[in-house]
Amino acid sequence: MSGVLAFGLIVVTCLGCCTRRLSIWSALAVGAVAACCALVWLVATTRRGMAERGPAQATATAYLDAVVAGEFAVAYGLLTVERRAQAGPAEFAELYAGDQALTAYTIDGTTIVRSQGRLHAETHAQVRFANGQAARLLVGLVPESQGRWRVAEVRAGERW
C-alpha cells in the first residue's frame with residue numbers, strides 16, 4: 001500500500017511541477033510525504049524478505065547436514081511431495097553414493113525470489129565430494145504451510 005501511495009504522490013508532484021499548478025513549497029511537501037511512504041514500503045519489504053530468508057536457509061542447512069551425515073531418510077523428508085514422487089528413498093540415497101557423497105559444505109547465502117506471484121528461495125553453497133572435488137550447489141526451496149520450506153531442486157555446477 002505504501003509503495004502505491006508513494007508512486008501516486010511522486011506522479012502528482014511531477015505533474016504539479018510541470019504544469020506549474022503546485023507551488024514550490026507544496027511540491028516539496030508532497031515529495032517529502034512520497035519519500036516517507038517509499039521508505040516505509042522499502043523497510044517493510046526488506047523485513048519481510050529477511051523474515052522469510054531465515055527459515056528457508058535453515059531448511060537448506062538441515063538438508064545438507066543430513067546428506068553429509070548420511071541420514072538420507074531425514075534429507076528425503078525435507079523434499080517436496082513432487083520431488084519425492086520422482087524417486088523413492090533408495091534411489092535418493094543412491095544419488096549421494098560413492099564419489100557423489102558430500103563430505104562438507106559452506107553456505108554462501110539465501111535469496112528470496114518472488115516471480116509471477118509465487119515465492120521461492122535459492123540457497124547457494126559450495127560442496128566437497130568424497131573424491132576431493134568441489135562444486136557450487138544451488139538448493140531451490142518452496143514455501144509450505146505454516147512457514148515451512150521444502151527442497152524442490154538441487155543443482156550442482158561444474159566441479160573443480
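Tutor: A residue counts as buried under 20% relative accessible area, as exposed over 50%, and as partly exposed in between (1.4 Å probe, protein chains only). Of the 160 residues of this chain, 27% count as buried. The model is predicted: local features need pLDDT of at least 70, side-chain atom pairs count only at pLDDT 80 or more, and totals for chains, interfaces and linings use all residues. Residues are numbered from 1 along each chain as its sequence is written, and side-chain values use heavy atoms, without hydrogens and water.

Student: How many helices and strands are in the chain?

Tutor: Helices (H or I, at least four residues) and strands (E, at least two) are DSSP runs, numbered from the N terminus. Here there are five helices and four strands, and along the sequence they follow the pattern α-α-α-α-α-β-β-β-β.

Student: Where is A121, and is A121 buried or exposed?

Tutor: A121 lies in strand β2, residues 118-129. At 0% relative accessibility, A121 is buried. Contact means heavy atoms within 4.5 Å. Leaving aside neighbours within four places in sequence, A121 has contacts that include A56, T110, V139, L141 and W149. V139 is 18 residues from A121 along the chain, with 8.2 Å between their C-alpha atoms.

Student: Where is A69?

Tutor: A69 is in helix α2, residues 24-69. With a relative accessible area of 53%, A69 is exposed. Between A69 and A101 there are 9.8 Å, C-alpha to C-alpha, for a separation of 32 residues in sequence. For the chain as a whole, of the contacts between residues at least 6 apart in sequence, 49% join residues at least 24 apart.

Student: How many salt bridges does the structure hold?

Tutor: Side chains of opposite charge can pair when their charged atoms come close. A salt bridge is a side-chain nitrogen of Lys or Arg within 4 Å of a carboxyl oxygen of Asp or Glu. The structure holds two. One joins E144 and R150, at 3.1 Å from N to O; E144 is partly exposed at 33%, whereas R150 is buried at 17%. The other joins R155 and E153, at 3.3 Å from N to O. R155 is partly exposed at 46%, and E153 is partly exposed at 31%.

Student: Which residues line the largest pocket?

Tutor: A pocket is found on a 1 Å grid over the protein atoms alone, as an open set of points where a 1.4 Å probe fits, with protein on both sides within 12 Å along at least five of seven lines; lining residues have an atom within 4 Å of a point. Grid points are joined across faces, edges and corners, and the volume is the space filled by probe spheres set on them. The largest pocket has a volume of about 190 Å³. Its lining includes Y63, R83, F92, L95, F129, V154, A156 and R159. Helix α5 (89-95) and strand β4 (149-159) are the elements that give two or more residues to this lining, and β4 gives the most, with three.

Student: What is the lining of the largest pocket by class?

Tutor: Ala, Val, Leu, Ile, Met, Phe, Trp, Tyr, Cys and Pro count as nonpolar, Asp, Glu, Lys and Arg as charged, and the others, Gly among them, as polar. The lining has nine nonpolar, one polar and two charged residues.
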